[in-house]
Amino acid sequence: MTDTAHPAARQADLLRQARLRAGADRAADIPRGPADGPAPLSHAQHRMWLMDRLGQAGALYNVPLATRLRGPLDTAALAAALTALTARHTILRTRYGQHGDDAPYQEAVAPAPVEVPVLDAPDDAAAELLRTEAARPFDLASGRVLRALVLRHGPADHTVLITLHHIAVDGGSLPLVAGELARLYAAGGAGAARPAEPELQYADFARWERGRDGELAGEVAAWAEQLAGARPVPLPRPATPAGPRTRAARLHTVPLPAGTLDGLRALGRAHGATLFTVVLAAAFATLARATGEADLTLGCASSHRSRPALRRLVGLCVNTLPVRADLGGDPAFEELLGRVRDALLASQRRHEVPFDLVVERLGAAARGRDGSPLLSVTCDLVTAPGALELPGLAAEAVEVDLGLAKFDLGLFVEDGPQPRCLVQHDADALAGPAGERLAAGFAALLTAVAEDGGRHLAELPGERLASGHPAEAALLADPRVREAYLLEREGLAPLAYAVGRGPAGVSGTELRLRLRSLLAAGQVPASVTVLDALPRTADGAVEPARLPGAVPKPRPEPAAGDQQRTETVRTAFGELLGTRPGPDGDFFLLGGHSLVAVQLAERLRLRTGLPLTGLDILEQRTPRALAALLDARDAERRAVQARRPGLGAGAGAGRPVRPGTVLVTGATGGVGAAVLQELMAQGRPVRALARAESAHLVALDGVEVAEGDLADLDSLRAAVRGVDAVVHAACTFTAHEVDVAAMRAMVDAWRHGSFVFVSSIDAYGRPPGVEVAEGAPATLPVTAYGRAKLDCERILLAAAGTEGRGAGTVVRSPIVWGPHRRLREQLRWGATGELFQTAQAGRPLLLPDPPADGHAWYGAAWVHAAALARAVTACLDDSGREAGRVLNAVGGHVGWPELAAELVRLLGSASPVELGAGADPELARPWRYRSDALAEVLREEPGEDWRSVLAAMVR
């Protein structure tokens, strides 16, 4: 459609619609609800709560606000201002809970003082301290969604970091928070009274929004009709996924030439469009050039703050707008701009319709074949973050980049003194150098249309992006090819398929001959077949089984027991998704989403008595795959029950505690399992803490099972009571507030005997010297994980030897290697995961060069799980020992080059190992940790050398 409307008429139309919306705003006031009691979550909050519940959020939704302040900072006044701020806005002190399968709720907790810790920090340590603090996860069940930290660089030089959770604020809230904080800071210094609560609280908005779901049904249906057939932007994803998604971001920036934004603004004025609309049209054009697709849908951030009642509300008042544009027919950019402007205007008319309702209506159509959401790509016009302006202080904003990507791909333009183009993408969502090439293409296209908006789409800068296989990239680079697909075959060369461009056509023989001239012999496909069109499923994905020459793998007939479990899973699917699928029905294509995954896992746990999580549902996706997973876990349980008849929920409850019983937490993990085995070998009675569904994993002969969980503080206190010693080896790794609260609860219940806590050498931070003695003080910066360990250590050591308690021992451990499944996962995805995955993929392994930094060695400390278990159990005897002590349990040290070379050898990889600039700075670790007190029990036994254990873990 060509835009022929006069710009003045277009602007008048926009103004008229804005006035109509303003009238609707005045006519629909948001009522004030009860001050206390639970309230529903808004749609945007619900999405974030689900991510947190599934364990997929971490620091993804942390919102850091950092400012360098020069002048006399009054930290007491700052603490008072923050306390008053959270008292005034209940959303800043709201907890999030759930009763069974019911919908989650939010509820304000009582106001409490906000602590403002102050750390001395030189400039060169500040960035890491800020990033670590900003990345520390929140516990949404606690009601603490705001925290502060002050770094003191000098008497009148500080950096203030305020970190909030996105569930409580949005971009529109931050200026409100900063402005009120400045006023409260001034008032606190003058002793002024705390201001009253605002007329409207966020819970009122959430109730109002949820109450409108029914009346918006017509708008939701219209959205669903408009998005019928839309699919996620087809990104060239990595050929081999790197494992569980971490949301690690890759950011590519390209400066824009002077005058580019002025040219884009002028283009917008000429066609009745804002600068954002021009940038959005350029993003559509860039993606059309990169994907070859003419029907694209992008997501744009929107807000509910057009209503006057919400303009001063602190909270999450955001929505996501889908914008679907038609790029067919090789339009001039000016024409494309008109299409995008009209599509954006149509979306903005429905900006108050929560997109979550549209997703529910769309069901399977809201996701791609691989489960990726419809709005996986976003675009925005952004500005640099603002500073916290406190009276009497000079303020300068400090950027804190958490290195996380909320979307698979984002295309942004930063408007400021030095404008630039930014492309951020999830490292797991975009293959190889595609992000860098996309950023270059986006910047070049913006520059080109700023100079001449009349150029047609095919004439604009940009290139087609391909998947990770070089043959597909080479085919797509051929001007005679419109589409290409590579079918990988195990042990054989892949098969290639191409769809020709234009009437002349091209033969598969010609294309394969060209590939032979471009690629190495091992990269050339066995054949190239030219098709009129690639066979696709109903949702638009290529269907490999229908490609010529593709032979579907035969599926073995399931056994009767397997069929029964599959039927159980299918029934649960049907109850929650409204339709009973076949054995291979896909969870996403059936309309499943994160909340249903949590509910489905809970329902199947109750019916099968087996451990299952929402993440298991999202990863397995089909009843057949879930049934196979449950069968494997059932087999584990049956093997244990054969040795321990009568094991079930509550095993061990009510039995008298045997003399000398040791409580072990974390016994289903790698370290705890090794400690459990060592104690059993010594003949000591053991009580193991485990969840009910995991009890069978630790129910060995002689082990009493205490049902519990780190988040269930009552179960922890009950588990500690009556035992003669405690080995605490459990850890959430990410929910540090949970770890600290768990330690506090266990220490409160500890009344006699010894207590050994398995901590981490991360608690040492970054020591100034190379040799690190046992118990040396922590040196900044300390990671969030290390800080949580330090907090737990302090709780234990303060209580050791008091009120009849015995000795408390902290055993600091490095990387732990051993045959346990959890430890193998850590090798692949934990501290050494980047090395492992790089070697497995055959990419170059770039390591830091120690001599270049003045060091003799870079590497890691490690310990064998069995040796660590011997060390931990040796600390249980507290006779004649000091009440509290910190020891190291290090088996040895291995240099990164040696470890990398061994991984390459074991994996049969072709990765070269190189030393030089540009390596991950986290690998610059020169420290060697002494283990004096535990040296004897840590002495290496046969099979415990690092090469042997590494080989066992890899194989």
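T320 counts as buried because its relative accessibility is 18%, under the 20% cut-off. The model in which this residue was examined is predicted. T320 is found in strand β10, which spans residues 318-326. Leaving aside neighbours within four places in sequence, T320 is in contact with R47, G299, C300, F355 and L375. The C-alpha atoms of T320 and E352 are separated by 9.6 Å, and the two residues are 32 residues apart along the chain.

S173 lies in helix α5, comprising residues 173-190. Its side chain reaches the backbone oxygen of G315 at 2.8 Å. G315 is also among the residues that S173 touches when those up to four places away in sequence are not counted; the others are R305, L313 and V314.

Helix α9 covers residues 275-291 and has 17 residues. From its first C-alpha to its last, α9 reaches 24 Å, close to the 24 Å expected at 1.5 Å a residue. The helix is mostly covered, with 16 of its 17 residues buried. G292 follows α9 and has a positive phi, near 75°.

Aromatic rings form six pairs in the structure. In one of them, the ring centres of F573 and F587 are 6.0 Å apart and the planes lie at 80°, so the pair is edge-to-face. This pair links distant parts of the chain, the two residues being 14 residues apart. F573 belongs to helix α15 (residues 560-577), whereas F587 is in the loop between α15 and α16, the latter helix covering residues 594-608. Both F573 and F587 are buried. Elsewhere, ring pairs link Y202, F205 and W208 into a cluster.

Tryptophan rings also take part in arrangements with arginine. The charged end of R928 sits over the ring of W857, at 4.2 Å from the centre of that ring. R350 lies over the face of W223, and here the distance from the ring centre is 5.3 Å.

Terms used: Residues numbered from 1 in each chain as written. Predicted model: local features only at pLDDT ≥ 70, side-chain atom pairs only at ≥ 80, totals over all residues. Heavy atoms only, no water. Helix = DSSP H or I, 4+ residues; strand = E, 2+ residues; numbered from the N terminus. Polar contact = N/O pair within 3.5 Å; in protein donor to acceptor, adjacent residues only side chain to side chain. Contact = heavy atoms within 4.5 Å. Phe/Tyr/Trp six-rings, centres within 6.5 Å; stacked < 30°, edge-to-face > 60°. Buried < 20%, exposed > 50% of the residue type's maximum accessible area, 1.4 Å probe, protein only. Lys NZ or Arg CZ within 6 Å of the ring centre and 35° of its normal. Expected span 1.5 Å × (residues − 1).
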